[in-house]
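Please find below some notes for a colleague who is meeting this structure for the first time. They are arranged as numbered points, to be read with the model in view.

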Amino acid sequence: MPPNPSLPPELSSSHQHLEETPLESREAFRGRLLDVRVDRVRLPDGTEGMREYIRHPGAVVIIPVLPSGALLFERQYRYPLQRAFIELPAGKIDPGESPLATAQRELLEETGYRAAGWRHLGLIHTCISYSTEGIEIFLANDLSRVGPPQLDAGEFLDIFECGLEDAIAAVRGGIITDAKTITALFWAEKILRQEWTAG
């Protein structure tokens, strides 16, 4: 990435002296979603080390804005943490699918809504220490309900509306703890209040 002259040097300086070079890679486990790798790498000081990480196909998260200004949320049980979480609609990018197509598909499948307006806001990396997962953030507006959700087999969730202020209060109060949702709400707050513009 070329340096950005508007940023302080600490945010745009070179990182080549920190790079790790892959020497060998092996697959430790492959499931329907995850590909767990164990790599042998050369470290910046010339020694060798091991890196365990998950290859992920990437995902999207959608900020669906209703005509009222409220946002659409989901409540879904997440087995690894043994509890239900409040989240914005999201989903995995299928092979050969563009992030926008994924966002459009996931919004329809999970909520039964379509959006006439779509805007890409940014990219986040959620677990940089052990996963390649990147999540593309989309703002969806001019929503219209076209039918019931079309959930996958074994997928169960509740859909509900919530205002931006209440959602941000839920983040501050520790009710919303999902990282992708918190990050998307940060974007939503800036964009919907016209504090930021986005390309």
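**Notes on the predicted model**

1. Leu33 is found in the loop between strand E1 (21-30) and strand E2 (35-42), where helices (H or I, at least four residues) and strands (E, at least two) are DSSP runs, numbered from the N terminus. Leu33 is partly exposed, since its relative accessible area is 40%; buried means under 20% relative accessible area, exposed over 50%, and partly exposed in between, with a 1.4 Å probe and protein chains only. Together with Phe29 and Leu34, Leu33 makes a nonpolar surface patch of about 260 Å². Patches are made of residues with over 30% relative accessible area and no salt bridge, like charges being joined within 9 Å and nonpolar side chains (Val, Leu, Ile, Met, Phe, Trp, Tyr) within 5 Å. A salt bridge is a side-chain nitrogen of Lys or Arg within 4 Å of a carboxyl oxygen of Asp or Glu, and accessible areas come from the Shrake-Rupley method with a 1.4 Å probe, for which only the protein chains shown count as cover for residues.

2. Basis of the notes. This is a predicted model, in which local features need pLDDT of at least 70 and side-chain atom pairs count only at pLDDT 80 or more, while totals for chains, interfaces and linings use all residues. Residues are numbered from 1 along each chain as its sequence is written, and side-chain values use heavy atoms, with hydrogens and water left out.

3. The chain as a whole. The protein chain has four helices and ten strands, and from the N terminus on its elements run α-β-β-β-β-β-β-β-α-β-β-β-α-α. Its C-alpha atoms fill a box of roughly 60 × 45 × 35 Å, taken along the principal axes. Of the 199 residues, 40% count as buried, and the chain exposes about 12200 Å², of which carbon and sulfur atoms supply 54%. Where contact means heavy atoms within 4.5 Å, 56% of the contacts between residues at least 6 apart in sequence join residues at least 24 apart.

4. Asp35 has its place in strand E2, and it is buried, with a relative accessible area of 6%. The side chain of Asp35 makes a polar contact with the side chain of Arg30 (3.2 Å); a polar contact is a pair of N or O atoms within 3.5 Å, of which, within protein, one must be able to donate a hydrogen and the other to accept it, and residues adjacent in sequence count only if both atoms are side-chain atoms. Leaving aside neighbours within four places in sequence, Asp35 is in contact with residues including Tyr53, Ile54 and Arg55.

5. Which residues of helix H3 (residues 164-172) are buried? They are Leu164, Ala167, Ile168 and Ala170. These residues lie on the same side of H3 because they cover an arc of only 155 degrees around the axis, the arc being that of the directions from the helix axis to the C-beta atoms. The buried residues of H3 pack against strand E5 (71-78), strand E10 (157-162) and H4, whereas the face turned away from the buried side carries the exposed residues Asp166 and Arg172.

6. Glu189 in helix H4. Glu189 has its place in helix H4 (residues 179-192). Not counting residues up to four places away in sequence, Glu189 touches Leu164 and Ile168, both of which are among the buried residues of H3. The side chain of Glu189 also makes a polar contact with the side chain of Arg193, at 2.6 Å.

7. Backbone angles to check. Most residues other than glycine have a negative phi, and most peptide bonds are trans. Gln82 has a positive phi of about 60 degrees although it is not a glycine; Gln82 lies in the loop between E5 and strand E6 (83-87) and is partly exposed, with a relative accessible area of 46%. Asp142, another residue other than glycine, has a positive phi near 55 degrees; its place is in strand E9 (residues 134-145), and at 55% relative accessibility Asp142 counts as exposed.
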